[in-house]
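Reader: I am new to this structure and would like to know what stands behind the words used for it. Please show it to me, and then I will ask about the terms.

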Amino acid sequence: LLISNIFINSAAMGTLAIAKTVPNAIFSLLCTISGVFSPQITIQYAKGNKRLLTDEIVKSMKFTGFFANIPLAFLISAGLMFYQLWVPTENTSFIQSLSILTVIGFFIQGVINPLFGIFTVTNKVKLHSCVIVLIGMLNTFFVLILLKLHYL
């Protein structure tokens, strides 16, 4: 939002903020659901039972994938009507498009999100944290380059 405010304008930031509100709520739900499985994954890892650990991970991936895709499907199918009711004075089709662009990756992330807890369970968070920070910096760098090229 800050980048869109600086490089584009404050109206674009407001539109983007509206478009990201529902996807952020869905992502929060996704993180909450996947966190429910962390204790069982930790228990199976501590017991050293790889088969039950794998079964628990697969079960958590299926469960979070299923429950993450329900609100995503609702947003894609009924999002336009939702935004027309929520912000009738805004360009709701554009907001819907931005929301869909935001949640496209959630279909896959909904399934793999329980895997992020494995780094904490195995106490291997350093590499994972460094990769996440690097990806965030690269994402910001590419966004800045694309904005610079677009507004030359």
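Reader: Why are α4 and α5 called roughly antiparallel to each other?

Author: This is a predicted model. In it, helix α4 (residues 50–86) and helix α5 (residues 92–103) pack at an angle of about 160°. Angles over 145 degrees count as roughly antiparallel, and α4 and α5 are therefore given that name. Their axes are 9 Å apart, and the crossing of α4 and α5 is right-handed.

Reader: Which residues of α4 and α5 meet?

Author: From α4 come Leu72, Leu75, Ile76, Gly79, Leu80, Tyr83 and Gln84. From α5 come Thr92, Ser93, Ile95, Gln96, Ser99, Ile100 and Val103. Sorted by class, this contact of α4 with α5 has eight nonpolar and six polar residues, and no charged residues. Gly counts as polar in that sorting.

Reader: What makes Gln44 count as buried?

Author: Its relative accessibility is 9%. Buried means under 20%, so Gln44 counts as buried. Gln44 lies in helix α3 (residues 38–47). Leaving aside residues up to four places away in sequence, Gln44 touches Asn49, Leu52 and Leu53.

Reader: Is Leu85 buried or exposed, and how do you know?

Author: Leu85, a residue of helix α4, has a relative accessible area of 74%. The cut-off for exposed is over 50%, so Leu85 is exposed. From C-alpha to C-alpha, Leu85 and Ile26 are 19 Å apart in space, and 59 residues separate them in sequence.

Reader: What makes a set of residues a nonpolar core, and which residues form the largest one?

Author: The residues must be buried, of the nonpolar kinds counted for a core, and joined through side-chain atoms within 4.5 Å. The largest such core has twelve residues: Ile18, Ala19, Val22, Ile26, Leu72, Leu75, Tyr83, Val87, Ile95, Leu98, Val103 and Phe106. The elements giving two or more residues to this core are α2 (10–35), α4 and α5. Its largest share, four residues, comes from α2. A second, separate core has six residues, among them Ile41, Leu53, Met61 and Val121.

Reader: What does Ile18 touch?

Author: Leaving aside residues up to four places away in sequence, Ile18 touches Tyr83, Trp86, Val87, Glu90 and Ile95. Tyr83, Val87 and Ile95 are listed with Ile18 in the largest nonpolar core. As a general matter, nonpolar side chains tend to be buried together in soluble globular proteins.

Notes:
Residues numbered from 1 in each chain as written. Predicted model: local features only at pLDDT ≥ 70, side-chain atom pairs only at ≥ 80, totals over all residues. Heavy atoms only, no water. Axes fitted to C-alpha atoms, helices over the stretch in contact; angles between N-to-C directions. Parallel < 35°, antiparallel > 145°, perpendicular 65-115°, else oblique. Left-handed = near helix turned anticlockwise from the far one by under 90°. Contact = heavy atoms within 4.5 Å. Buried < 20%, exposed > 50% of the residue type's maximum accessible area, 1.4 Å probe, protein only.
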